[in-house]
Amino acid sequence: MDLPSVGNPGAGGGIREGFSPRQVSSVSMVTIPRAPVLYNHPEEPSTMPRKPLIAANWKMYKTPAQAQEFFKSFLPLVANHERDEIVVCPSFTSISVVVAAATGSGVAVGAQNMHFADEGAYTGEISPLMLKAIGPTHVILGHSERRQYFAETDELINKKLKAALSHQLIPIVCVGEVLAEREAGKTNEVLVRQTRGVLAGITAAEAVPIIIAYEPVWAIGTGKTATSQIAAEAHAVIRGEVAKVLGQPTADAVRILYGGSVKPDNAASLMAEEEIDGALVGGASLDPQSFAKIVNY
Ligand code: PGA
């Protein structure tokens with residue numbers, strides 16, 4: 001592989017035990033440790049270990065009634081689950097019922113996309129203000145399906161990212177190479193370009209809530225998962241670029257999720273990688289049992 005070994009200096013490899021392996025190296029330099037306040041905008045990057053996050057991307061599946069059914073089965077399976085944050089991202093039409101169903105459960109709710117403007121003549125679009133009004137805390141931005149089928153560019157995703165941050169929505173921003181780019185040896189170049197592009201003009205303080213998802217497009221919905229090693233190497237490239245753009249403390253704190261055919265039987269080995277801070281799960285998140293198994297990897 002042509003991947004440089006930049007990345008989390010706190011990474012020690014091996015299966016995690018508690019959160020200690022993820023303790024970041026910058027801790028010793030910081031005098032005031034504080035809890036990771038993920039729903040607010042802290043003034044400075046977190047110095048705490050990166051708490052794993054497992055997110056469901058339901059894509060264009062499930063009616064509101066089906067979403068409610070899912071929650072009836074799913075919540076008992078993850079009751080009192082504290083090791084990982086859980087986020088479910090239904091389609092816009094199910095957000096309200098999912099917010100209601102998830103209330104008090106500790107499961108957070110996200111949208112799958114949004115426009116960057118607060119309001120305007122943009123037929124068919126949903127604004128950050130509209131999302132805030134109905135309760136989701138997260139929003140997926142720049143998913144490869146948005147890039148591929150709806151011509152979203154890094155520049156547009158960057159505008160959406162800034163809008164999400166200014167509205168206190170936690171962005172899960174996606175990057176990832178297509179198969180041809182990987183085969184041409186351009187993976188690192190693509191990841192660097194996308195990471196720089198989506199983060200353009202954002203300061204380290206503003207970037208604190210950002211979550212990045214590495215989703216190699218060739219692994220999405222194909223059943224082909226990147227090996228843990230391929231994913232970890234890509235995450236290190238992304239984290240290295242975040243360090244260059246926003247500084248090492250931000251890079252140490254930012255959570256990078258892996259997405260692309262995550263299933264109950266591969267979740268544990270992916271999550272064992274120090275560089276992998278969680279998963280963005282498509283197909284396998286539609287079934288409550290299967291998603292619960294991933295959450296409980
Ligand atoms: P998949 O989708 O798990 O079905 O591959 C992941 C995603 O697109 O977020």
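## Helix packing

Helix H7 (residues 187-199) and helix H9 (residues 228-246) cross at roughly 40°, and their axes come within 9 Å. This angle makes H7 oblique to H9. The crossing of these two helices is right-handed. These values, like those that follow, come from a predicted model.

A further helix pair is formed by H1 and helix H12 (residues 288-295), whose axes are 9 Å apart and pack at an angle of about 30°. H1 is therefore roughly parallel to H12, since an angle under 35 degrees counts as such. The crossing of H1 and H12 is right-handed.

## Aromatic pairs and the cluster

The structure holds seven aromatic pairs. One of them joins Phe 71 and Phe 74: the ring centres are 6.3 Å apart and the planes stand at 80°, so the pair is edge-to-face. Both residues belong to helix H1 (residues 64-77), where a spacing of three residues separates them by about one helical turn. Phe 71 and Phe 74 are both buried.

A tilted pair is formed by Tyr 214 and Tyr 258, with 6.3 Å from centre to centre and 55° between the planes. Tyr 214 lies in strand E6 (residues 211-214) and Tyr 258 in strand E7 (residues 255-259), so this pair ties together parts that are 44 residues apart in sequence. Tyr 214 and Tyr 258 are both buried.

Phe 71 and Phe 74 also take part in an aromatic cluster, together with Trp 58, Phe 70 and Phe 291.

## Charges over rings

Trp 58, a member of that cluster, has the charged end of Lys 62 over its ring, 5.2 Å from the ring centre. A further arrangement of this kind involves Arg 146 and Phe 150: the charged end of Arg 146 sits over the ring of Phe 150, at 4.1 Å from its centre.

## Cysteines

The count of disulfides in the model is zero. Cys 89 is in no disulfide, and the nearest cysteine sulfur, which belongs to Cys 174, is 9.4 Å away. Likewise, the closest cysteine sulfur to that of Cys 174 is in Cys 89, and this distance of 9.4 Å is too far for a bond, because a disulfide requires the two sulfur atoms to be within 2.5 Å.

Are these cysteines buried or exposed? Cys 89 is buried, with a relative accessible area of 0%. Cys 174 is buried as well, and its relative accessible area is 2%.

## Positive phi values in loops

Lys 59 has a phi near 50°, which is a positive value in a residue other than glycine. Lys 59 is found in the loop between strand E1 (53-57) and H1. Its relative accessibility is 18%, and Lys 59 therefore counts as buried, the limit for that class being under 20%.

Gln 168 has a phi near 55°, again a positive value in a residue other than glycine. The loop that holds Gln 168 runs between helix H5 (154-166) and strand E5 (170-175). With a relative accessibility of 41%, Gln 168 counts as partly exposed.

Definitions and conventions:
Residues numbered from 1 in each chain as written. Predicted model: local features only at pLDDT ≥ 70, side-chain atom pairs only at ≥ 80, totals over all residues. Heavy atoms only, no water. Buried < 20%, exposed > 50% of the residue type's maximum accessible area, 1.4 Å probe, protein only. Phe/Tyr/Trp six-rings, centres within 6.5 Å; stacked < 30°, edge-to-face > 60°. Helix = DSSP H or I, 4+ residues; strand = E, 2+ residues; numbered from the N terminus. Lys NZ or Arg CZ within 6 Å of the ring centre and 35° of its normal. Axes fitted to C-alpha atoms, helices over the stretch in contact; angles between N-to-C directions. Parallel < 35°, antiparallel > 145°, perpendicular 65-115°, else oblique. Left-handed = near helix turned anticlockwise from the far one by under 90°.
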